[in-house]
Amino acid sequence: MFGIVLTPEHPPDRVVDLGRRAESAGYDAILASTHYNNRDPFAVLARLTERTTDVALGPGVANPHDRHPVTLASQVATLDEMSDGRVLFGVG
């Protein structure tokens, strides 16, 4: 698998543009990092589900200490439905 981590320190439109370019360049996966000082990675990933077609998507290792596991499960399940099963999920 050939993937890239995009950091939502940039505006969502910029991250989505980079994600579309990554998919066009042949990347298999796009992860949005979940650092504390960035924009919400799940919001960016939701937009990527609408603007990509084949690439796998997911959070770049979600922190179970700052998001409740039930909330994470709900967010990941929603993204998986929106992307027709293209979600990757890492916890750490």
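Biologist: Leaving aside its neighbours within four places in sequence, which residues is Thr34 in contact with?

Modeller: In this predicted model, Thr34 is in contact with Pro41, Pro59, Gly60, Val61, Ala62 and Asn63, once its neighbours within four places in sequence are left aside. Thr34 itself is found in the loop between E2 and H2.

Biologist: Why does Thr34 count as buried?

Modeller: Its relative accessibility is 18%, and buried means under 20%, so Thr34 counts as buried.

Biologist: What does the side chain of Thr34 reach, and at what distance?

Modeller: The side chain of Thr34 reaches the backbone oxygen of Val61 at 2.9 Å; since a polar contact is a pair of N or O atoms within 3.5 Å, that value falls inside the cut-off.

Biologist: What makes E1 and E3 stand at the edges?

Modeller: The open sheet has three strands in the order E1-E2-E3, with parallel pairing. Strand E1 (3–6) and E3 each have a single partner strand, so one side of each is left without a neighbour in the sheet. Neighbouring strands of this sheet are turned by 25° against each other on average, with direction ignored.

Biologist: How do you know that E2 and E3 pair?

Modeller: Two strands pair if at least two bridges are found between them, and E2 and E3 pair in the parallel sense over five bridges. Among the residues involved, Ala29 stands opposite Ala56 in E3, while the bridge partner of Ala32 in E3 is Pro59.

Biologist: Why is E3 called largely enclosed by the rest of the structure?

Modeller: Five of the five residues of E3 are buried, so this strand is largely enclosed by the rest of the structure.

Biologist: Which strands does H2 touch, and what angle does its direction make with that of E3?

Modeller: H2 packs on the sheet, where it touches E2 and E3, and its direction makes about 175° with that of E3. H1 lies across E1 and E2, and runs at about 175° to E1.

Biologist: Which residues of helix H2 are buried, and what do they pack against?

Modeller: In H2 (residues 41–51), the buried residues are Pro41, Phe42, Val44, Leu45, Ala46, Leu48 and Thr49, and they pack against helix H1 (12–24), strand E2 (29–33), strand E3 (56–60) and helix H3 (69–82). As a general point, an α-helix has 3.6 residues a turn, so residues three or four places apart point the same way.

Biologist: How do you know that Asp40 caps the N-terminal end of H2?

Modeller: A side-chain oxygen of Asp40 lies 2.8 Å from the backbone nitrogen of Phe42, which is within the 3.5 Å limit for a polar contact.

Biologist: How many residues does the largest nonpolar core have, and which have the most contacts inside it?

Modeller: The largest nonpolar core has 18 residues, and those with the most contacts inside it are Ile30, Phe42, Leu45, Leu48, Leu57 and Leu79. H1, E2, H2 and H3 are the elements that give two or more residues to this core, and the largest share, five residues, comes from H2. Phe42, apart from its neighbours within four places in sequence, is in contact with Pro59, Arg67, Leu72, Gln75, Val76 and Leu79.

Biologist: Why is the pair of Phe2 and Tyr27 called stacked?

Modeller: The count comes to one aromatic pair. The ring centres of Phe2 and Tyr27 are 4.3 Å apart and their planes stand at 15°; because rings pair if their centres lie within 6.5 Å, and planes under 30 degrees apart count as stacked, this pair is stacked. The pair links distant parts of the chain, with Phe2 in the segment before E1 and Tyr27 in the loop between H1 and E2, 25 residues apart.

Biologist: What makes Phe2 and Tyr27 partly exposed?

Modeller: Phe2 has a relative accessible area of 45% and Tyr27 one of 24%; since buried means under 20% and exposed over 50%, with partly exposed in between, Phe2 is partly exposed, and Tyr27 is partly exposed as well.

How values were computed:
Residues are numbered from 1 along each chain as its sequence is written. This is a predicted model: local features need pLDDT of at least 70, side-chain atom pairs count only at pLDDT 80 or more; totals for chains, interfaces and linings use all residues. Side-chain values use heavy atoms; hydrogens and water are left out. Buried means under 20% relative accessible area, exposed over 50%, partly exposed in between (1.4 Å probe, protein chains only). Helices (H or I, at least four residues) and strands (E, at least two) are DSSP runs, numbered from the N terminus. Contact means heavy atoms within 4.5 Å. A polar contact is a pair of N or O atoms within 3.5 Å; within protein, one must be able to donate a hydrogen and the other to accept it, and residues adjacent in sequence count only if both atoms are side-chain atoms. A nonpolar core is a set of buried Ala, Val, Leu, Ile, Met, Phe, Trp, Tyr and Cys residues joined through side-chain atoms within 4.5 Å. Axes are lines fitted to C-alpha atoms, for helices over the stretch in contact, and angles run from 0 to 180 degrees between N-to-C directions. Rings of Phe, Tyr and Trp (its six-membered ring) pair if their centres lie within 6.5 Å; planes under 30 degrees apart count as stacked, over 60 as edge-to-face and the rest as tilted.
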